[in-house]
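Visitor: I have a structure open and would like to talk it through. Could we begin with one of the helices?

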Amino acid sequence: MTPTCIALITLLTPLVSAVIIALFLRKQGTLASTVSVLAATVVAAGSLMLAFGGHRDAAVNASVEWLKLGDFTLSLGFKFDDLAALMLSIVGVVGLAVHVFSLGYMHDDASKARFFGGLSIFMFSMIGIVLADNLFMIFIFWELVGFSSYVLINHYHEKASASDASKKAFIVNRVGDFGFLLGIVMCYWANNTVNLTELGHLSDTHSLVFSRLIPLLLFCGAVGKSAQMPLQVWLPDAMEGPTPVSALIHAATMVAAGIYMLCRIEVLMVADALTVIMWVGAITAFYASLCAITQSDIKKVLAYSTLSQLGYMVAAFGLGSLEHLDETTKTVVTLSAGVGAAMFHLTTHAFFKALMFLGSGSVIYGCHHEQDIFKMGGLAKKMPFTFVTFTIGVAAICGLPFLSGFFSKDAILHLAQEKNTAVFVILALTAVLTSFYMVRMWKLTFLGQPRSHEAEHAHEGGLSMTAPLFVLAVLALVGGYAGHFFNIYGHAFEGVWSQIPFAEGAEPYITSIVILVVGAGAALMLYKSAATDALEEKSPALFGFLAFVKGSPDTAYDWYVAKVQQRFAMLLEFLERIFLSGLIIRGFSGVIGLIGIGARALHVGSLHAYVYWFLFGSAILWAYAAGWLF
Amino acid sequence: MTVGLNHYLLLSALLFAIGFFGVLLRKNTLVIYMCLELMLVASTVALVAFSRFNNTMDGNVFVFFILTVAAAEVAVGLAIIVALFRRRQSIDVGELNALKN
């Protein structure tokens, strides 16, 4: 089997699974889940075979022409470099873990078939983005992941909040995607190609047309999909979907697609655009960590944490590359780049955040769908396995030395320290806040005494729920060893890992431990195992301020939609009624109606009348032929 | 009195006018039909006269065509009228106004 063939199978198996489920298995939930999990297994196997089989670029790349419009050709094809291999492995492994976890979590769900069909179509779309070799193809699959995200957020569609959240996610993403599409069109207009490989060649020969607008417009797509400021509002609401969906789509893969896309188009970046991207990421990271402090829903805390970590990755990308002037050859050597740091954090984040989401899913399942952390407590004794794995996830995201999150976060902080002190301070503060709200949630959920009937009777899920937690916990432990001490990935992703900016010496350990001690210590001291928020009691003003900060974008958008957009829409509707449906449509139909009435009057039903008309017509024709008319 | 081209043309015009007003004014389909034939014959008279006075055969050739067409028309037309009468028991054009309603 050729590598291209494996790639094709990896891409199409989930689609086949989705089609089978949609056409034949809508009522057979158990069968549908089996089909979907089998497809995910094939995907995981295929992606690992491709990634670790040493097949890159020429061995896998293939392209077929899909559409030809004049001299514009739209082709579908694969571009499989180390970056794509890394992303594909993440999607494959996390995807399989989430599929297996869903077997347990969604076991009693009435519309299991729709859920697993949605997961399959998501896997298909996500792999499409990963393998795509041109921006148009990325855009097509970009919209498909948006659709599958919509379907899956809306899984509990009988809940008004879920259907509202799915609409919000879809509409907010449309705003970003509009900019993305404009960017693609503009890139095509400027460079006459949107093929990533060809753009790379153009860049190598210094014939690429640069513009600030192209990368910024393309970044709009990432702002929407990766929920950066100011389009971050949809991601916390998207937690209305089932928890495995939050783990797969809204933490590990789809929301990371924005960062992946930025890394794909790195050649188009210019310095000014990178600065904008860096600040957007840094501000999102900080803002989201502030929001997370006041949350009481376990999934909402994780959602804001995801936002914050995505901001980290975007900021890392925007920080750009570290360069070093080689004295002997007088050439600039790129030591590392934002791509390396961003993708490294994306990888470790995918592992530990998927782990924590699945852990929260296990908690929610164990507590019979109780999501309020103030009604939990004492789960460490009831659910020891979930407790241990979740703790690994929390330690990883807080940057405990030698866990995965430590290395990737440290790489970003090191890059920021070298490039921009202000961003470094913001990101370090964010890291403190991250430890703070994570430890707060961890303590309230697992320590102390159970504070509700549900928490008292909490229990572990079956093997299908613990096995994925175990796998992801192992990955969260070791996923960060990508070349600093040793490389657990072998040489598979050398193209990406070689760009990671590792700091030398003891400094990162000290920074990391200080951050951890300050953040976690504050949380441990402040929060007691109680049914109320300690911060709210001790400092209502601060709590109120944070809640205001958290709610203000939504308030602003609500105001905008109700007061500005709605009024503009009403004005347009008024104009439409007057001009379009009034003057043009009714007007035309009136004129045609009049002609009809006139024509009907001629139709009298008497043969003699027709003879007179005939005579009249002949006379006119004769007069015209004789030149008396005109 | 010498009979010249003008006399023939006058006769032709007269026949044509009779036929034409017959078509316009009569109600009986059969009569209208005969009047149509009369108009055709009026035109053949004019054509033969032109042919005779111009010493060419063009007009005569035309007449043969007109006669052929007229014969075919009679065959079809009379058949239609007979069928019409069988169905409607009337060939009065005043009553044949099904299209109007």
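Guide: Let us begin with helix α10 (residues 243-252) of chain A, which is mostly covered, with 10 of its 10 residues buried. Please keep in mind that this is a predicted model.

Visitor: Which residues of α10(A) are buried?

Guide: The buried residues of α10(A) are T243(A), P244(A), V245(A), S246(A), A247(A), L248(A), I249(A), H250(A), A251(A) and A252(A).

Visitor: And what covers them?

Guide: The cover over the buried residues of α10(A) includes α3 (82-105), α4 (112-131), α5 (135-153), α9 (234-237), α13 (298-319) and α14 (338-366), which belong to chain A.

Visitor: Let me take T306(A). Where is it found?

Guide: T306(A) lies in helix α13 of chain A.

Visitor: Is T306(A) buried or exposed?

Guide: T306(A) has 29 C-beta neighbours inside 10 Å and therefore counts as buried.

Visitor: What is T306(A) in contact with, leaving aside its neighbours within four places in sequence?

Guide: With those neighbours left aside, T306(A) is in contact with L235(A), H250(A), A251(A), V255(A) and K353(A).

Visitor: How far apart are T306(A) and D204(A)?

Guide: In sequence T306(A) and D204(A) are 102 residues apart, and in space their C-alpha atoms are 35 Å apart.

Visitor: Now a glycine, G29(A). Which helix holds it?

Guide: G29(A) is part of helix α2 (residues 29-52) of chain A. It counts as buried because it has 21 C-beta neighbours inside 10 Å.

Visitor: What does G29(A) touch, not counting residues up to four places away in sequence?

Guide: On that basis G29(A) touches K112(A) and A113(A). The C-alpha atoms of G29(A) and K112(A) are 4.9 Å apart, although 83 residues separate the two in sequence.

Visitor: How much do residues 24 or more positions apart contribute to the contacts in chain A?

Guide: Among contacts in chain A with a separation of 6 or more, 80% are between residues 24 or more positions apart.

Visitor: Let us turn to helix packing. How do α3(A) and α20(A) cross?

Guide: The axes of α3(A) and helix α20 (residues 463-478) of chain A come within 7 Å and cross at roughly 155 degrees. The two helices are therefore roughly antiparallel, and their crossing is left-handed.

Visitor: Which residues meet there?

Guide: From α3(A), A97(A), V98(A), V100(A), F101(A), L103(A), G104(A) and Y105(A) meet S464(A), M465(A), A467(A), P468(A), V471(A) and L472(A) of α20(A). By class, the contact of α3(A) with α20(A) comprises 11 nonpolar, 2 polar and no charged residues.

Visitor: What about α8(A) and α11(A): at what angle do they pack?

Guide: Helix α8 (residues 213-225) of chain A packs against helix α11 (residues 257-264) of chain A at an angle of about 160 degrees, and their axes are 8 Å apart. This angle makes α8(A) roughly antiparallel to α11(A). The crossing in which α8(A) passes α11(A) is left-handed. On the α8(A) side the contact is made by F219(A), G221(A), A222(A) and K225(A), and on the α11(A) side by A257(A), G258(A), I259(A), M261(A) and L262(A). These residues divide by class into 6 nonpolar, 2 polar and 1 charged.

Visitor: And how are α12(A) and α24(A) arranged?

Guide: Helix α12 (residues 271-293) of chain A and helix α24 (residues 540-602) of chain A pack at about 125 degrees, with their axes 8 Å apart. They are therefore oblique to each other, and α12(A) passes α24(A) in a left-handed crossing. The contact involves L290(A), C291(A) and I293(A) of α12(A) together with L546(A), V549(A) and K550(A) of α24(A). In this contact of α12(A) with α24(A), 5 residues are nonpolar, none is polar and 1 is charged.

Visitor: Stepping back, how many helices and strands does chain A have?

Guide: Chain A has 25 helices and 4 strands. Of its 630 residues, 52% count as buried. The C-alpha trace of chain A spans about 110 × 70 × 55 Å along its principal axes.

Visitor: How many residues of chain A are in contact with chain B?

Guide: There are 7 residues of chain A in contact with 7 residues of chain B. The chain A side of this contact has 3 nonpolar, 4 polar and no charged residues.

Visitor: Finally, which scores does the model carry?

Guide: The model has ipTM 0.73 and pTM 0.77. For chain B the mean pLDDT is 88, and 97% of the residues reach 70 or more.

Definitions and conventions
Residues are numbered from 1 along each chain as its sequence is written. Chains are lettered from A and ligands numbered from 1 in the order in which they are written. This is a predicted model: local features need pLDDT of at least 70, side-chain atom pairs count only at pLDDT 80 or more; totals for chains, interfaces and linings use all residues. Two residues are in contact if their C-beta atoms, placed from the backbone, lie within 7 Å. Ala, Val, Leu, Ile, Met, Phe, Trp, Tyr, Cys and Pro count as nonpolar, Asp, Glu, Lys and Arg as charged, and the others, Gly among them, as polar. Axes are lines fitted to C-alpha atoms, for helices over the stretch in contact, and angles run from 0 to 180 degrees between N-to-C directions. Angles under 35 degrees count as roughly parallel, over 145 as roughly antiparallel, 65 to 115 as roughly perpendicular and the rest as oblique. A crossing is left-handed if the near helix is turned anticlockwise from the far one by less than a right angle, and right-handed if clockwise. pLDDT is the predictor's confidence in each residue, from 0 to 100. A residue is buried if 20 or more other C-beta atoms lie within 10 Å of its own, exposed if 12 or fewer, and partly exposed in between; C-beta atoms are placed from the backbone.
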